[in-house]
Amino acid sequence: MKDTIQKLGLILLIVVVMTQPEAGWGQDAKASAKLTLVRAVMCETIQEYAPANPAVIFSIKLGRVSCFTEFDQVPEKTYIHHKWYHYDHLITEKQLTINPPRWSSFTSMQLRDADKGPWRVEVTDENDKHMHTLRFSITD
Amino acid sequence: MDLLIPSPAGLRWQDIVDILLNSYILFRLYVLFRGTNVIRMIMAIAMLWMIERLAVNMGLIVTSWAMQGIIAAAALIVIIVFRNEIAAVLQTRDFKSFFWGFPQRQVQTPVDIIVESVYELARRKLGALIVLPLKKGIETVVQSGIPWQGKLSREMLLSIFWHGTPVHDGATIVQGDRIVEVATILPLSKRNDLPSYFGTRHRAAVGLTEQSDAVVIVVSEERGHVTVFKDESIININDNIELDWVLRKHTGDTSASHGLKRHTVELGIVAMICLASITGIWFSFARGLETLMTLEVPVEFMNRDPKMEIFAASASSVRLQLSGSGTLIKSIRPDHVKVKLNLANAVAGINQVPIARDSITLPPGIQLKKVDPQALEVTLDLPVEKTLPVQATWTGKLADGLIMENVRMVPDSIKVVGGSLTLKDIQTIYTEKIPLESIATSGTASLSLVLQPSSLKLEDGLRNRVDVVYKVKRR
C-alpha cells in the first residue's frame, strides 16, 4: 500500500514538473506579443482588402466613407471597436473581430446631408483602451 | 418684511414716523431762522409754490411756468442776499440747538440797569448809543464792531462811553443781559426831515431803525437828553419812569409770564402748521392715484460658494410690475430697485432660484405687483483646466482632382478653462471654418478657435490662433 502511494506521488510530481514550465512559457509569449495597430486610415472605399484613396476630407457626394485598420502581431483572437463621432456626439460604435496572426478590418458610414462637418473615429481594444484617433471632415 | 403692518386707518407706523420726523425737521428750521429775514423769504417762496401748484391744477400753463421760474430765482436770491444772516444763524447756534435745544427767547434784558445807566450817562453828559436788537437781528446791517461779551452793569456802560476810552465811539449792542459788541458802526439815515439838533448818533439810530426792528437809545453829549428810536418813532424821554415804560413796552418785558405764554402759544401754532403741512405733502406724495409701472431690473447674485463660478443664467434681468402714487412712481430711478438672489444653497450644476419678495428692494411706498420670471435657472460650476485636441473645420468643396491626404494642427492640442460639468462633455476644440474652394496646393493657414459654450476660456496667456498645415495631392 505504502509503495503504491509512493509511486502515485512520484507520477504526480513528474506530471507537475512536466506541465508547469509549458504553462509559464505560454503566458510569457502572450505578454510579449501585444496587439499592435500598424495602420489606420480613412478612405473613400476598400478595394481588394486595401484602402483606396486615403484622405482626411471627403465629399458628401461619395455617399460612403470607411475606416480601415490593420493589425500585426495578433496574439489571439480579440475584439476592437470603431467609435464614430460627429463633432463630439457618438454616432455609432462597431465591434470587429481580430484574429491571429495578422488581421485587417474596416467599418463604413453611409453619408447623409446632415453629416457634413468634422468627424473622428476612435479605435479602442476589447478593454476599451484607446489605441488611435482618426480625424476627418465631410464637406460639400 | 412684515414690519409693514397697516394700521386700521391705512397708515403704517413707518408713515406716522415719517410725518412726525419731517414735521420736527421743519419746526427746527423755523426755530433756527425765526426772527430773521430768511424765514420770511422762505414763507414767501412757500406761498409762491402753493400758487404754482394751484396754477398747474387749474391748467394755467404760463402762470405755472412763470411761478416755477420765480421760485427758482427766489431760492437763489435768498441764498445770495441773506448769506451773512444764514451764516450767522448757523455759526452762533451750538450743536444741541440744531436738533434738540428747546427755543428760548433771549434772556430778558435787565431794563432797570439800562435805565439807571442811561440816566447816569445823561447826568454826566456822556454821549451814548445803545442798541437792543429784537426779532429780526442786525447782523446784516451793522459793521465792524469789537466783540465784548461782558455782563451788563451800570459801571461797564459808564466805562464804555467815558470820554477818551478807545471804544466810546460807535454803538454798544446789548443782547439779553450781555454787552455783545462795542464801537459798532451803524448805517446813517438819509432822511432830510430830522431835527437840526440831531447829531451823528441820532442819524445812526434812525438809520438802524429804518432797516431793523431794534430799539436804539441815544444820549446826547451836548444837552444830556435821552431819545429812544423804534421803527419810525422818535421818543424824547423826560424821566426814568418814562424810559423804563418805553423800554419794557418795546422789548416785550411788560410781563414776563405773559411773554412766556405768548412765546409758547406761538411755537405751538408753528408746530401745528408744520405738522399739517407735512401731513398734506405726505398724503399728496404717498396717497395719490395708484399708478402701475414695469421696470427691467438687473439681477445681482450674492453669497455663492467662492470656489464656484456662475457659468450661465436663464436671464440677467427681471421685469417687475410696481404700483404706487403717481409722484412716487415717477421719482423711481433704476438704481432705487434691486433684485439680489441668494446663492448660498446653490450647488454645482443647474439651480432653480426663486425670486422671492425678500430678494427685491423697493423704495418706501412702492408695492410689488408682479415678477417675471418668477425663478431663474442658474448654472454654477467648479472651474477646471483641460487639454483638448484641436480639429480644423472645413467647408465648401475641394476641387475634383484633388485629395487632401493629411492635415496637421500646430499646436495639436490646447489648454482651456471652463466648468467641470461643461468640460466633461467636450472632447475637441474646433477651428473657425476654412473654405476649401481656394485650396489648390499644400499650404498653411492661421485660424482662430471657436470656444463653445462662450463660458470656455483659453488658459491665461494663450493666443486664440492655431496653424493648420495641409497636404494635397492629385488623384
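Q: How many bridges join strand β8 of chain B to strand β10 of chain B?

A: Strands of a sheet pair through backbone hydrogen bonds, either parallel or antiparallel. Here 9 bridges join β8 (residues 290-302) of chain B to β10 (residues 317-325) of chain B, and the two strands run antiparallel. The bridge partner of B:Met293 in β10(B) is B:Leu322. Strands are DSSP runs of E with at least two residues, helices are DSSP runs of H or I with at least four residues, and both are numbered from the N terminus. Two strands pair if DSSP finds at least two bridges between them.

Q: What should I bear in mind about the origin and numbering of the model?

A: This is a predicted model, in which local features need pLDDT of at least 70 and side-chain atom pairs count only at pLDDT 80 or more, while totals for chains, interfaces and linings use all residues. Residues are numbered from 1 along each chain as its sequence is written, and chains are lettered from A and ligands numbered from 1 in the order in which they are written.

Q: In what order do the 5 strands of the open sheet with β8 and β10 of chain B stand?

A: The order is β13-β11-β8-β10-β14 (chain B), with mixed pairing. At the edges are β13 (360-361) and β14 (367-372) of chain B, each of which pairs on one side only.

Q: Which strands of chain B stand at the edges of the sheet of 7 strands?

A: That open sheet has the order β2-β4-β3-β1-β5-β6-β7 (chain B), again with mixed pairing. Its edges are β2 (146-151) and β7 (233-237) of chain B; each has a single partner strand, so one side of each is left without a neighbour in the sheet. From one strand to the next, the twist averages 20 degrees. Within the sheet, β3 (residues 171-175) and β4 (residues 178-184) of chain B run antiparallel and are joined by 4 bridges; B:Ile173 has B:Glu181 of β4(B) as its bridge partner.

Q: Which strands of chain B does α6(B) touch when it packs on the sheet?

A: Helix α6(B) touches β1 (128-132), β5 (215-219) and β6 (226-230) of chain B, and its direction makes about 30 degrees with that of β5(B). Helix α8 (residues 200-211) of chain B lies across β1, β3, β5 and β6 of chain B, running at about 175 degrees to β5(B). Such angles run from 0 to 180 degrees between N-to-C directions, and axes are lines fitted to C-alpha atoms, for helices over the stretch in contact.

Q: At what angle do helices α6 and α7 of chain B pack?

A: Two packed helices are described by the angle between their axes and the distance between the axes. For α6 (residues 111-123) and α7 (residues 154-161) of chain B, the angle is about 40 degrees and the axes are 9 Å apart. That makes α6(B) oblique to α7(B). Angles under 35 degrees count as roughly parallel, over 145 as roughly antiparallel, 65 to 115 as roughly perpendicular and the rest as oblique. The crossing of α6(B) and α7(B) is right-handed; a crossing is right-handed if the near helix is turned clockwise from the far one by less than a right angle, and left-handed if anticlockwise. Residues making the contact include B:Ile113 and B:Leu121 of α6(B) and B:Leu157 and B:Phe161 of α7(B).

Q: What is the hand of the crossing of α2(B) and α3(B)?

A: The crossing is left-handed. The axes of α2 (residues 37-58) and α3 (residues 61-81) of chain B come within 9 Å and cross at roughly 165 degrees; the two helices are therefore roughly antiparallel to each other.

Q: How many residues does each chain give to the contact between chain B and chain A?

A: Chain B gives 18 residues and chain A gives 13 residues, where two residues are in contact if their C-beta atoms, placed from the backbone, lie within 7 Å. On the side of chain B that touches chain A, β16 (383-395) and β17 (402-410) of chain B each supply at least two residues. The largest share, 5 residues, comes from β17(B).

Q: Which strands of chain A form a hairpin?

A: β8(A) and β9(A) form a hairpin with 5 residues between them, and A:Asp128 in the turn has a positive phi of about 70 degrees. These strands run antiparallel and are joined by 8 bridges.
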